[in-house]
Amino acid sequence: MNQQVSYLMANGSEPVLLLHKQDNRIFESTVMFNLKKLFSRETYNPLTPELMREYNQHRPLGPQPYLCYAPFKSIYFGHGGKAVACCYNRNHVLGTYPQQSIKQIWLGDEANKLREYIKHNDLSLGCLGCKQHITSGNFDAVKTLQYDERTLNKNKYPSVMEFELSNVCNLECAMCNGNFSSLIRAKRENLPPLEIPYNTAFVDQLEEFIPYLDEVKFYGGEPFLVDIYYDIWERILKINPKVRISVQTNGTTLNSRLKDLMEGIDFHINVSFDSLKKEVYEEIRRNAVYERVRENINYFREYCSRKNTFFGISVCAMQQNRMELPEFINFCNGLDAPVYFHTVLYPEHCSIRNLSATELDETVDFLKGFSFPENTPVQKKNGQHYHDLLNQIVQWQSKATRRIDVSSIKTFADLEQLIIAHVQNDKSSVEELKQARIEKIEANLQNLKARLPAEMLNQLLGRFDINDPFLLDNASFFLEKLSVDELIARYNEVVQK
Ligand code: SF4
């Protein structure tokens, strides 16, 4: 029998050579081993090699050294000055402006921590959406793919910046909330305006980053109503006019000031548009006028063709418009525009996921009855997006009959049991690490119970949405990654909301 012994040839703290001794002969292994991984106090929870292989096969550029490039290429500034790697991971905050400068955030410990997790194929530092899509085999919906093709700058500056700096908006859409609409915040939620920390100093700091950017994306609120975006567009025009400027608009705003500005900038435009029926559209997009938005869509379409920039339509797929989804494919094929379907999870009365099992059966039967032409690249893409959405709805359909019975979760102990069982059944997690994860979670739960009064635990329980697909992922994430003090601070925040 061959005997195998491995020797580590240390070389500082960076990659070292792994030597194998077999039958008294020594072989150099091609495996690069990272000492940091061996001795770091952080334990990682990598995706299984089988999942990694499958996911890598679906990537547009084929297998890549890193599972995701968002933390290496991109930074996303959201509300309250919070910066994250991408909008799918809002749990792991990289830093906060203006307490930290843009550069401090980009080079800071939290950003490096997320990079380390990703280098270890570990999506448990807040990347739960991507993890869920990868583990369910819904590879087209994995956000990571958007970053593969962006530039990885040698000087390590980001090549993508995304801005969601303000919630100023003129609409009060059915599926939206006050974080994204100033009107909803004031009228539906009766809350004071959001504090917006972004200022001229922020725009000044951006100047250092603009020369290295490929793309900048603007979200709202409604981006064409956000004053600071106009300042940023001016700086980009001055410093690096070749940057791709993408805007996600609700399509309602198109005045002569904007038309003039658009002639000087090459905007790439995505319009949110959720129904082809006036009454349904205006019920969803409250305050918008259907005919006006249809006219604007035609204007934006023609503009993007003339400027040779991207034009697309985004549809929030919801209970209200679920039977219109096939029509959207034909509508967008007619415009030669790709359509993107967003799955709405909240509020529950809008979400397809929350339909009854019978309604989901009807929806799936109906949507399965359509096929679409595939003669152009856009038609092919739209057919694929329809197919992916249908897969998602089919998944919800299969889960509808096995929904957790909310009435069975009466005590915090019931929830604890569910969380532990969830980690035990996590098929994406490497077996040997599970016990350590469970021990950490159990220890944190014990400490929490010792330090928090029972009534607070019950108050928390009242806030859980047991149908949330991320509930158990989120709960296990926080219990595993945070200290008890951090957990208590976070729980205080939740309970006070
Ligand atoms: S893995 Fe997904 S959630 Fe995490 S940073 Fe990458 S794109 Fe964002």
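This report walks through the predicted model of one chain, from its overall make-up to single residues.

## The chain as a whole

The chain has 497 residues, and 31% of them count as buried. Its secondary structure comes to 21 helices and 12 strands. Take the contacts in the chain with a separation of 6 or more: residues 24 or more positions apart account for 66% of them.

## Around the ligand

Which residues come nearest to the ligand? They are Cys68, Cys86, Tyr88, Cys127 and Cys130, out of 13 residues around the ligand. Helix H3 (70-73) and helix H6 (128-135) each supply at least two of its residues. By class, the shell around the ligand has nine nonpolar residues, three polar and one charged.

## Two helices packed against H16

Two packed helices are described by the angle between their axes and the distance between the axes. Helix H16 covers residues 377-400. Helix H15 and helix H14 both pack against H16, as the table shows.

| Helix pair | Angle between axes | Axis distance |
|---|---|---|
| H15 (residues 357-368) and H16 | roughly 155 degrees | within 9 Å |
| H14 (residues 325-335) and H16 | about 165 degrees | 10 Å |

Start with H15. The axes of H15 and H16 cross at roughly 155 degrees. That angle is over 145 degrees, so H15 is roughly antiparallel to H16. H15 passes H16 in a left-handed crossing. On the H15 side, the contact is made by Ala357, Leu360, Asp361, Thr363, Val364, Leu367 and Lys368. On the H16 side, the partners are Leu390, Ile393, Val394, Trp396, Gln397 and Ala400. The residues of this contact of H15 with H16 divide into nine nonpolar, two polar and two charged.

Now turn to H14. H14 and H16 pack at an angle of about 165 degrees. This makes H14 roughly antiparallel to H16. The crossing of H14 and H16 is right-handed. From H14 come Leu325, Ile329, Cys332 and Asn333. They meet Val378, Gln379, Asn382, Tyr386 and Leu389 in H16. The contact of H14 with H16 has six nonpolar residues, three polar and no charged ones.

## Backbone features in the loops

Most residues other than glycine have a negative phi, and most peptide bonds are trans. Some places in this model depart from that pattern.

Where do cis peptide bonds occur? One joins Tyr97 and Pro98, with omega about 5 degrees. Pro98 sits in the loop between strand E6 (95-96) and helix H4 (102-107). Another cis bond joins Gly220 and Gly221, and its omega is about 10 degrees. Gly221 belongs to the loop between strand E8 (215-218) and helix H10 (227-239).

Positive phi values turn up too. Lys156 is not a glycine, yet its phi is positive, about 70 degrees. Its loop runs between helix H7 (145-148) and strand E7 (160-163). Is Lys156 buried or exposed? Lys156 counts as exposed, because it has 11 C-beta neighbours inside 10 Å; the cut-off for exposed is 12 or fewer.

Asn287 also has a positive phi, about 90 degrees, and it is not a glycine either. Asn287 lies in the loop between helix H12 (278-284) and helix H13 (290-307). Asn287 is partly exposed, because 14 other C-beta atoms lie within 10 Å.

Val289 lies in the loop between H12 and H13 as well. With 13 C-beta neighbours inside 10 Å, Val289 counts as partly exposed. Val289 and Lys278 are 11 residues apart in sequence. In space, their C-alpha atoms are 8.2 Å apart.

## A closer look at Glu110

Glu110 is found in helix H5 (residues 109-119). Glu110 has 18 C-beta neighbours inside 10 Å, so it counts as partly exposed. Which residues does Glu110 contact, leaving aside its neighbours within four places in sequence? They are His92, Val93, Leu94 and Gly95. Glu110 and Leu94 are 16 residues apart in sequence. Their C-alpha atoms are 4.9 Å apart in space.

Terms used: Residues numbered from 1 in each chain as written. Predicted model: local features only at pLDDT ≥ 70, side-chain atom pairs only at ≥ 80, totals over all residues. Axes fitted to C-alpha atoms, helices over the stretch in contact; angles between N-to-C directions. Helix = DSSP H or I, 4+ residues; strand = E, 2+ residues; numbered from the N terminus. Parallel < 35°, antiparallel > 145°, perpendicular 65-115°, else oblique. Left-handed = near helix turned anticlockwise from the far one by under 90°. Contact = placed C-beta atoms within 7 Å. Nonpolar A, V, L, I, M, F, W, Y, C, P; charged D, E, K, R; others polar. Near = placed C-beta within 6 Å. Buried ≥ 20, exposed ≤ 12 C-beta atoms within 10 Å, placed from the backbone.
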